[in-house]
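Please examine the structure shown here together with its sequence. The briefing that follows is arranged by topic.

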Amino acid sequence: MTALPIVGQTVTTARVNVRQGAASTSAPVLRTLEPGTAVPVVALVVGTAVQGNAHWFQTGQNGYVWSGGCGPFTPAPAPSPAVPVVVDLYHGDAVASFAQAKAAGLRGVIHKATTGQSGTDPAYAQRRSAARAAGLLWGAYHWGTAAPADKQVENFLATAQPDNDTLVALDFEPDKGNQMTLDGARQFLQGVRDKLGRRAVLYSGSLIKSQLGTTKDAFFGAHRLWLAQYGSQPSVQASWSTYWLWQYTDGTDGPDPKACPGIPGDSAGKLDCDHYQGGEDQLAAEWAS
């Protein structure tokens with residue numbers, strides 16, 4: 001028999017026999033299925049022709065069902081990725097091997113570079129070299145505070161040292177007692193664009209939604225959105241039609257995958273993981289654009 005491996009299911013449209021061991025009307029009848037029965041399929045097989053049709057579906061129990069008694073084949077959904085496409089880190093996250101993470105399927109790392117006017121992440125520079133040596137895309141983010149926006153831009157660019165291949169991002173999230181204002185975020189993003197000639201990515205979730213409400217803001221909407229929302233149903237503020245990256249889990253809340261080989265995460269084993277909707281080549285092309 002000639003077999004084409006496929007994975008999915010079909011549904012019977014007539015009363016059909018499941019033949020055991022061969023796609024043939026002379027093979028023993030394993031059981032009989034009534035119309036409307038869902039049948040798992042592992043291969044499409046060429047066997048004995050019935051009414052001019054020689055195609056049979058092979059089931060997972062080494063049974064064979066004539067395709068003429070079935071509806072269309074429905075492929076099984078693609079499996080979820082074993083690891084996230086992108087992770088975001090800071091010095092409190094442990095890293096054992098960027099090379100192991102890359103081999104497992106990770107494609108990009110966005111690392112904290114700075115906080116406010118003078119804070120810096122001590123792990124940034126060393127991890128940048130290690131991640132790039134492993135062939136990973138590299139990005140830098142700045143945690144925004146209430147400090148003057150121009151001073152924050154200076155601190156970020158001096159520490160991150162972004163080249164043309166480095167993604168740059170503003171982390172705009174709640175920070176009690178030291179909150180970056182919406183105007184501060186505008187000034188920071190504009191300052192980065194003035195210095196680099198390209199727009200930073202905006203990381204935000206509940207804060208940008210509460211600050212903008214239902215307003216469509218053309219300035220913020222012109223920046224790619226890195227959405228922070230743990231769960232399976234992402235929703236974006238009205239200034240965007242969709243997210244560019246989606247931080248879907250902090251390693252505890254949200255869907256799988258929540259872990260990445262080679263990057264254990266923080267002291268509790270939690271790791272921020274991010275989803276990208278396109279393919280690997282598209283991610284690389286858009287990364288630092």
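What volume does the largest pocket have? The largest pocket has a volume of about 330 Å³. The model is a predicted one, in which local features need pLDDT of at least 70 and side-chain atom pairs count only at pLDDT 80 or more, while totals for chains, interfaces and linings use all residues. Residues are numbered from 1 along each chain as its sequence is written, and side-chain values use heavy atoms, with hydrogens and water left out.

**The largest pocket**

- Of the 17 residues that line the largest pocket, Asp88, Tyr90, Tyr141, Gln247 and Asp272 are the closest to its centre.
- A pocket is an open set of points on a 1 Å grid over the protein atoms alone, where a 1.4 Å probe fits, with protein on both sides within 12 Å along at least five of seven lines; lining residues have an atom within 4 Å of a point.
- Grid points are joined across faces, edges and corners, and the volume is the space filled by probe spheres set on the points.
- The lining comprises 7 nonpolar, 1 polar and 9 charged residues.
- Ala, Val, Leu, Ile, Met, Phe, Trp, Tyr, Cys and Pro count as nonpolar, Asp, Glu, Lys and Arg as charged, and the others, Gly among them, as polar.

- Helices (H or I, at least four residues) and strands (E, at least two) are DSSP runs, numbered from the N terminus.
- Two packed helices are described by the angle between their axes and the distance between the axes.
- Helix α3 (residues 149–160) packs against α4 at an angle of about 45 degrees, and their axes are 9 Å apart.
- Axes are lines fitted to C-alpha atoms, for helices over the stretch in contact, and angles run from 0 to 180 degrees between N-to-C directions.
- The two helices α3 and α4 are therefore oblique to each other; angles under 35 degrees count as roughly parallel, over 145 as roughly antiparallel, 65 to 115 as roughly perpendicular and the rest as oblique.
- The crossing of α3 and α4 is right-handed, a term used if the near helix is turned clockwise from the far one by less than a right angle.
- Gly184 belongs to helix α4 (residues 182–196) and counts as buried at 11% relative accessibility.
- Buried means under 20% relative accessible area, exposed over 50%, and partly exposed in between (1.4 Å probe, protein chains only).

**Backbone geometry in loops**

- Most residues other than glycine have a negative phi, and most peptide bonds are trans.
- Gln51, in the loop between β4 (38–50) and β5 (53–58), has a positive phi near 55 degrees and counts as exposed at 77% relative accessibility.
- Gln161, in the loop between α3 and β12 (166–171), has a positive phi of about 50 degrees and counts as exposed at 51% relative accessibility.
- The peptide bond from Asp256 to Pro257 is cis, with omega near -5 degrees, and Pro257 is located in the loop between β15 (245–249) and β16 (272–276).

**Buried residues in strands and a loop**

- Gly8 is placed in strand β1 (residues 2–11) and is buried at 16% relative accessibility.
- Asp171, in strand β12, is buried at 4% relative accessibility.
- Ser24 occupies the loop between β2 (16–20) and β3 (29–33) and is buried, with a relative accessible area of 13%.
- Ser24 and Thr48 are 24 residues apart along the chain, and their C-alpha atoms are separated by 4.9 Å.
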